[in-house]
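My entries follow in the order in which I made them.

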Amino acid sequence: FVGTYRASERAPPRYNGRFAQVDGLRALSIIWVFSLHIIFILGEFLSAQDFNAVSSRPEYRYIIHGNFGVDIFFVISGFLIGGLLLAEIEKKGSLNLRRFYLRRFLRLCPVYFFILVATLLWHAVSAHHRVNPSHAWYNFLYLNNFVPVEKQYMAWTWSLAIEEQFYLICPLLILWAYKKGLRLGVLLPSLVLLAAVVSYALVVRDPNPFYFLAHPVLNSHEFSRYFDVLYDKTYCRFGELLVGVWVAAIVRNENRSPRFFKNGTVMGLFALVGFSLSFYVLNRISYSSWNNTYPDWFMASYRLVFAIGVGLILLSTFSIKVKNESFWSSFSTFVPRLITKFLSLRFFYPIAQLSYSIYLVHSIVIYLVVEAELPKRVGQAVDLGFLGFIYAKSAVLTLVICTLLYYLIEKPIMQRRP
């Protein structure tokens, strides 16, 4: 099935038992998503022409791609959950499903449900016109990603629904594979390929092309059609989570890992290919016009290709330095080690700790800040200075709120988990 590995021999620095480079990747992802939503939420208040004038500016190109931060979250979640499950089944020969589901519930649900209830109460008191609570019960059941996006409550939480659905299935999949003696090195790539096939079938079945739209203000019908068919459906996105599980399985493979992770050429190649795949996807997509068309295969697989790139980059960070290695081997692992050192900076650790709460509340905070500040600029262009002000004010308020949520709700409950 899979083997074990000595984490102390191979793993980068850890803070409180966490992989430091994974925390760095998580922190960068939430910063990316936060940055995107500054522009996206601003679009709620702009005309199509004004929004396009902002979003199509070259300096914002990679910020508009911030939705890929969610794909990175999926890879990270698959890696961490997969690693935990594989470690338990290797040690005990089985999985304590009750304990696993209870720990997931206590980690994810309390603060999420608190935010849901708080926003519903806010709606009852303020009757805010942007809040539609009629479908909020789907959120409590983690089924909101199967509601049309225009009717979703806290629409950005669709990704939480996908992750929770994955957490229900992943332990059963790994347990079944273990009992049947299946090799994860074959099963997981096959399921990742299946995810691409499912997406491709949905793309070619539809007689109309799908488009990349930065915001529904540009074309609400096409935005919703793409979102509801491909973007937020578990059967289209589970491959990205499985990429993370696949990376975890490779890292834990005892028979091949020692030679594998000491091979500087291989690990350097992983980093190079990973960056190449990721940047290929990002540079292939253009938001210069909402009706740009792309090949069916690209529309069906681009997020999975990006996730594989992220998985390879993550895998490369587990390369280890060996004594008396050749010049070429040392040179090849320079990039993976540089990535690992950067992602392991302590600066990222507190952001990673707060990332879950940040994801839950940041859109609410940004919306309220934009709603309060934009009317003060009537007749003025949305320039970089204004966006910076919105960003700074929203970031400070979000961090204050999320710090309180972490220390008052998240951390106390996590400390009491079985």
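Before counting, I set the terms: on a 1 Å grid over the protein atoms alone, a cavity is a set of points where a 1.4 Å probe fits but cannot get out, a pocket is an open set with protein on both sides within 12 Å along at least five of seven lines, and lining residues have an atom within 4 Å of a point. Grid points are joined across faces, edges and corners, and a volume is the space filled by probe spheres set on the points. By this rule I counted 1 cavity of 30 Å³ or more.

I note that this is a predicted model, in which local features need pLDDT of at least 70 and side-chain atom pairs count only at pLDDT 80 or more, while totals for chains, interfaces and linings use all residues. Residues are numbered from 1 along each chain as its sequence is written, and side-chain values use heavy atoms, with hydrogens and water left out.

**Cavity.** I found about 150 Å³ of space in the largest cavity. Its lining has 16 residues, and those closest to the centre are S199, C236, R237, A300 and R303. Two or more lining residues come from each of α9 (184-205), α10, α11 and α14, and α14 gives the largest share with 6 residues. Helices here (H or I, at least four residues) and strands (E, at least two) are DSSP runs, numbered from the N terminus.

**Second largest pocket.** I then turned to the second largest pocket, whose volume is about 1,200 Å³. Of the 44 residues that line this pocket, F40, E44, V149, A155 and W156 are the closest to its centre. Helices that supply at least two lining residues each include α2 (20-42), α6 (97-126) and α17 (348-373), and α10 gives the most, with 6 residues.

**Whole protein.** I listed 18 helices and 2 strands. Of the 418 residues, 54% count as buried, where buried means under 20% relative accessible area, exposed over 50% and partly exposed in between (1.4 Å probe, protein chains only). Taking contact to mean heavy atoms within 4.5 Å, I noted that 79% of the contacts between residues at least 6 apart in sequence join residues at least 24 apart.

**T234.** I looked up T234 and found its place in helix α11 (residues 234-251). T234 has a relative accessible area of 13% and is therefore buried. Its side chain is joined to that of N145 by a polar contact of 3.1 Å, a term for a pair of N or O atoms within 3.5 Å; within protein, one must be able to donate a hydrogen and the other to accept it, and residues adjacent in sequence count only if both atoms are side-chain atoms. Leaving out residues up to four places away in sequence, T234 touches N145, F146, I162 and Q165.

**Cysteines.** How many disulfides does the structure hold? I found 0 disulfides, a disulfide being a pair of cysteine sulfur atoms within 2.5 Å. C109 counts as buried at 2% relative accessibility, and C170 is buried with a relative accessible area of 2%.

A87 lies in helix α5 (residues 68-92) and is partly exposed, with a relative accessible area of 28%. I noted that A87 and R252 are 165 residues apart in sequence but 8.3 Å apart in space, C-alpha to C-alpha. M414, in helix α18 (residues 384-415), is 306 residues from L108 in sequence and 9.6 Å from L108 in space, C-alpha to C-alpha.
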